[in-house]
Amino acid sequence: MNTEELLERLAAIDDSASADRAPARLKSKIYSALVSRLTETGPLLSLEAIRQSGAQLCVFEKVVTALPAGEQIGSTNPCRICHARVLGERLQWAPVFWPGCPYSEFHND
Ligand SMILES: [Zn+2]
């Protein structure tokens, strides 16, 4: 098979074949591991800094940033606040539906 044939075969694959996609639980665990790895080299950005950069925060993270002590809490691991990580890593179809949460996106895409 040459390169052009390979590309044509890849292009012929449509999204209906997405049943073979990675399970949401696995995506959640990988995301958690990556975030955990990032914290080994230093603190994560504060939620306020993330918000100011234009990135979407989890609805619960937005609430925390509005609190007077939010900046202290804001340097913790994302989604430890909304606890979606706990459900997202253990359940295949976790009932997390709030916008802006990566775990919710893994389980609802
Ligand atoms: Zn979250």
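Helices (H or I, at least four residues) and strands (E, at least two) are taken as DSSP runs, numbered from the N terminus. On that basis the chain holds 7 helices and 0 strands. The structure is a predicted model, with local features needing pLDDT of at least 70 and side-chain atom pairs counted only at pLDDT 80 or more, while totals for chains, interfaces and linings use all residues. Residue numbers start from 1 along each chain as its sequence is written.

Burial comes next. A residue counts as buried with 20 or more other C-beta atoms within 10 Å of its own, exposed with 12 or fewer, and partly exposed in between, with C-beta atoms placed from the backbone. Buried residues make up 23% of the chain's 109 residues.

Now for α2. This helix has 17 residues and reaches 25 Å from its first C-alpha to its last, close to the 24 Å expected at 1.5 Å a residue (1.5 Å times one less than the number of residues). A24, S28 and S32 are its buried residues. Viewed down the axis of α2, they fall within an arc of 75° and so line one face of the helix, the arc being that of the directions from the helix axis to the C-beta atoms. A33, L34, R37 and E40 sit exposed on the other side of α2. After α2 comes G42, with a positive phi near 155°.

P23 is exposed because it has 12 other C-beta atoms within 10 Å. Its C-alpha is 8.4 Å from that of F106, 83 residues away along the chain.
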